[in-house]
Amino acid sequence: MVGNIVGHHKSPYRGSSVEFAEYRKYVPGDDPRLLDWRVLARTDRYFIREFEADTNLRCYIVVDCSASMAFGEKGTRKFDYARKIAATLSYMLSHQGDAVGLQLFDNGVASDIPPRRNPLHLKHIFDTLAKAKTQKETGLVQELHQFAERIRQRALVIIISDCFCDVDELLNCFEHLHFQKHDFALFHLLDPLELDLDLDRPIRFQDMEGSDVLLAEPEIIREPYLEAVREYLVKIHEGCNKHNADYRRVSTDQPYDAILADFLVDREMLAKGRA
Amino acid sequence: MSFNFLSIFWALPLIFLPVLIHLFNRLRHRKLPWAAMMFLRMANRKSTRYARLRQWLVLLFRVLALLMLLMMLGDPAAGGWASSLFSGKPDVVVVLLDRSPSMEGRPGEASRLELARTNIIKEIKSLGDGVRVMVLDPTTGHLQPADDVKALGNLMSGGVNDTAADIPAQMETVLEWFEAENRGRGEVWIGSDLQASNWESSKERWKRMTGAFEELPQKVRVRVLAVNDPLGQNGSVRINEVLILGAGDAAELQLEVEVQREGEMASDVSAVVYLGAENRTVELDMVVEGSLHTQFVKLPLKDALHAGWGWVELPSDDNARDNRAYFVYGNPGLMSAGVVSETDYPGRFLQMAAAPDPANTNQVALLLDPTQTKPGDWAKHAMVLWQGALPTGKEAEGLLKYTESGGVLVCFPGDTDSDAKLAGLSWGPKNDFRNAQGRPFPSWREMVAAQGEKQDHLGPRVQTWEESEGPLARTEEGFSLPLDSLYFAQWRSVEGDDGTVLASVSHDSDPGSPAEPFLVRKIYGKGQIIFCGSSPEDGWSSLNYSIVLPIMLQRLLAEGAVSGSGRFSENRMRTAGVGEWPPGSWESVGVKQGESRDFNTEAGVFRQGEQLVAVNRSTGEDNSAPLKKDAAMAKFSGMPVTLFEVKSKGSPGDRERIWKWFLGLMALALLVEGFLILPKGADERVVINRSTTGKVSSEANV
């Protein structure tokens, strides 16, 4: 993690912590104090001892505010679920001294809160999340590209969205984020009804992000629908793996605390694995 | 198949309930704002034809299940020959029962007639109330109502008679009845052994009749109960000819006996000939080889009894009705021809041509003076020959009346011109054939002489004539009459287009000229009028030299004798149910005291005074060949027809309640419907995990 101050997260740079990192050959200009004299004595070669540097975390939480996020036939709306995750993560990160920022995307940037560490900033994030509303259309792909260009420093990007957009374009965004060396995770929110189409009588489906109307009998279209959803999910999942993204598919009927606990434990395990 | 509770089908629209529910369900769809439209659109495009077809198949099987339920509740019955799917109960049933001699045949214990009668009565009983039943009496041609089953039994109780069953004629009678009585949906039930001769008629007649049935306002269905099981062994006998050979003590009776075999009948047949007049029985042993055997039998006759009657009888077999053939013998009565002519010669020639040997035959010809002949006297003659100008006034009236009652009038032209017409026909102007100098030939003989060495036929010539039937027909040996060798020096054309041209003349010298009628026949009442275009005189034609005229006149004389209701023949061999009988009181001969037979319908010997008549069944009844099922049904082409073949063992009328079949079919339909709506197995279904992290799986379950 690239940070400005000392924190709980491992920095990509070498620093002055007690954690040994690696040996490297001495080059002119290096501080001679860093030479490993024992190695020089034994081998008559010049090696520098390097140590890990600890730094703080810069985290951007991106919440999709498109109209499709307002869907919630069986309980919680996806958007509410997203706000809970975003708020909880913000709270936790802020309390461990990390800088948290918030990005709300609809068909533009509805809200852009840069990462800060102070408690007042956390309140600002909570207020923004509380006031946020879903919009008719989404420009998630376009905004993610712009976002990837906008942030210069490497950061943790947590995207919370239902990803109802063109999969290939979305994966391009992930590639863009990966290219910019950001660590990012995707909370892919889906309503249970969207995952099983458990409807029994003819339905006039009204597009939440447009004016399309489709009269269909779920019994007839269920199989091809589920097949299409399956293909789409596989593609997203594979894309996330390809770009080292942490993919979390979340059904909104699941408790969000358990989802977050899993997420945090996995990241902890990942951090230890790297160490 | 029929239904005992037909009114249940008023509920037939209910079977479409599943379709209605489906449509109603579609109409009451609910609205749902939906986020994942992209997948719905894809799914809608990809939804397979099978998925849509399956939905309709499910509906179809639900409809079928309801239909089967409805049919089960209708209490269906099958197996009866009179039943058919959804035919329901007719309003009126007309029964035609074949009572021809072949129906007496017993392929099993019961005769064909009994089989047909039993099954028809049984079926009519099963129809229950509300059906009007009419029975056709084939003898009178009247339809009689059967108010109840008992009355039906009485109407159908009669046995077999010896008349042929003219099924087409009986159907025409039924047609007339339906035309007169519009009684709702009708059915014609025919019980018959399908003997071909009983069903034979021209295609046009059948077509006309079935067409008329189709045009009736009510629908008429035909059901044929075919009792055509072949007989085990049967023989039939017939007398083709009866002759008396010799005279006095040497007189012999010659019978031409024809025997037909059917089935396993033995070839050695011991027949019996009974001579009723002499009360004598003669054993007759025959060896019948093949299916048809003809044998001449000669029996000596007593001098005093050269007229009499008798029968030939075969041993008992599966059909007793065709085992006996009756005959009568004796001198035939006189057949008289009356001749009227302008001049002496043609009259005498016509007299000779009509009766060449009056001393040794029963043919006589008398020259008549029309002015002295009373109108009623014409009826004494089987044929009248009229040469000269056509009769007028009372003479014409008398002759037309005579012809109408069955007489034959043959007219020849004379020298006198006249405008008179007879039954629409008249003589045209006199024509003559002229030589190269333009002078007419005085006689046909000079025309022959003028032919010279080349022998090219001079003058008009008969080119075409009717050879298949009538007075100019070929001989029995197939020889044509030499009409083309006749010469005509003079002739008159026959005017009036109301007759049938039997022969026409044309000119060899002028092939383009139209043929002129030479012999024209007009049917008038029961008789006929013949116009012959030339006279048998040298000055007219070679009819006085050719064999054509005597043959023609004797044939017409015989026709006149027959068409006059047997007025001119004393002893006759008749066919039961054919032709009119001479008036008078006819009594049965050779029956037990107190018994009598109906000469219209039964075979036997009948007497009136000295006149004896033998009546036998029709020739076709001996030919047992039945119509094939398809051929019989084809007769009613265009009409709804059902044909059921009754076997002698087992009754076709046993109807089985078959509601269980429909229960089974309903269960089957529900089973198929259940199979179609069965959800896919766990391993076939697409299931999507609610939450996923880590490495992706490419399996179906994500």
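Which strand of chain A holds Arg204(A)? Arg204(A) sits in strand E8, residues 203–207. The model is predicted. Chain A has 275 residues, of which 52% count as buried. Its secondary structure comes to eight helices and 10 strands. Among its contacts between residues at least 6 apart in sequence, 74% join residues at least 24 apart.

- Arg204(A) is partly exposed, at a relative accessible area of 28%. That value falls between the 20% limit for buried and the 50% limit for exposed.
- Within chain A, Arg204(A) touches Val213(A), Leu214(A) and Leu215(A).
- Ala216(A) is 12 residues from Arg204(A) in sequence. The C-alpha atoms of the two are 6.6 Å apart.

**Helix H7(A) against helix H2(B)**

- The crossing is right-handed.
- H7(A) contributes Ile221(A), Pro224(A), Tyr225(A), Ala228(A), Val229(A), Glu231(A) and Tyr232(A).
- H2(B) meets them with Met38(B), Phe39(B), Leu40(B), Met42(B), Ala43(B), Asn44(B) and Lys46(B).
- By class, this contact has 11 nonpolar residues, one polar and two charged.

**Helix H4(A) beside helix H5(A)**

- H4(A) covers residues 140–150, and H5(A) covers residues 167–179.
- Their axes come within 9 Å and cross at roughly 10°. An angle under 35 degrees counts as roughly parallel, so H4(A) and H5(A) are roughly parallel to each other.
- From H4(A), the contact takes in Leu140(A), Val141(A), Leu144(A), His145(A), Phe147(A), Ala148(A) and Glu149(A).
- From H5(A) come Glu169(A), Leu170(A), Asn172(A), Cys173(A), His176(A) and Leu177(A).
- The residues of this contact divide into eight nonpolar, three polar and two charged.

**Helix H2(A)**

- H2(A) runs over residues 78–95, with 18 residues.
- From first C-alpha to last it reaches 26 Å, close to the 26 Å expected at 1.5 Å a residue.
- Buried residues in H2(A) include Phe79(A), Ala82(A), Ile85(A), Ala86(A), Leu89(A) and Leu93(A).
- An α-helix has 3.6 residues a turn, so residues three or four places apart point the same way.
- Lys78(A) and Arg83(A) are also among the buried residues of H2(A).
- Gly97(A) follows H2(A), with a positive phi near 85°.

Notes: Residues are numbered from 1 along each chain as its sequence is written. Chains are lettered from A and ligands numbered from 1 in the order in which they are written. This is a predicted model: local features need pLDDT of at least 70, side-chain atom pairs count only at pLDDT 80 or more; totals for chains, interfaces and linings use all residues. Side-chain values use heavy atoms; hydrogens and water are left out. A crossing is left-handed if the near helix is turned anticlockwise from the far one by less than a right angle, and right-handed if clockwise. Helices (H or I, at least four residues) and strands (E, at least two) are DSSP runs, numbered from the N terminus. Contact means heavy atoms within 4.5 Å. Ala, Val, Leu, Ile, Met, Phe, Trp, Tyr, Cys and Pro count as nonpolar, Asp, Glu, Lys and Arg as charged, and the others, Gly among them, as polar. The expected span of a helix is 1.5 Å times one less than its number of residues. Buried means under 20% relative accessible area, exposed over 50%, partly exposed in between (1.4 Å probe, protein chains only). Axes are lines fitted to C-alpha atoms, for helices over the stretch in contact, and angles run from 0 to 180 degrees between N-to-C directions. Angles under 35 degrees count as roughly parallel, over 145 as roughly antiparallel, 65 to 115 as roughly perpendicular and the rest as oblique.
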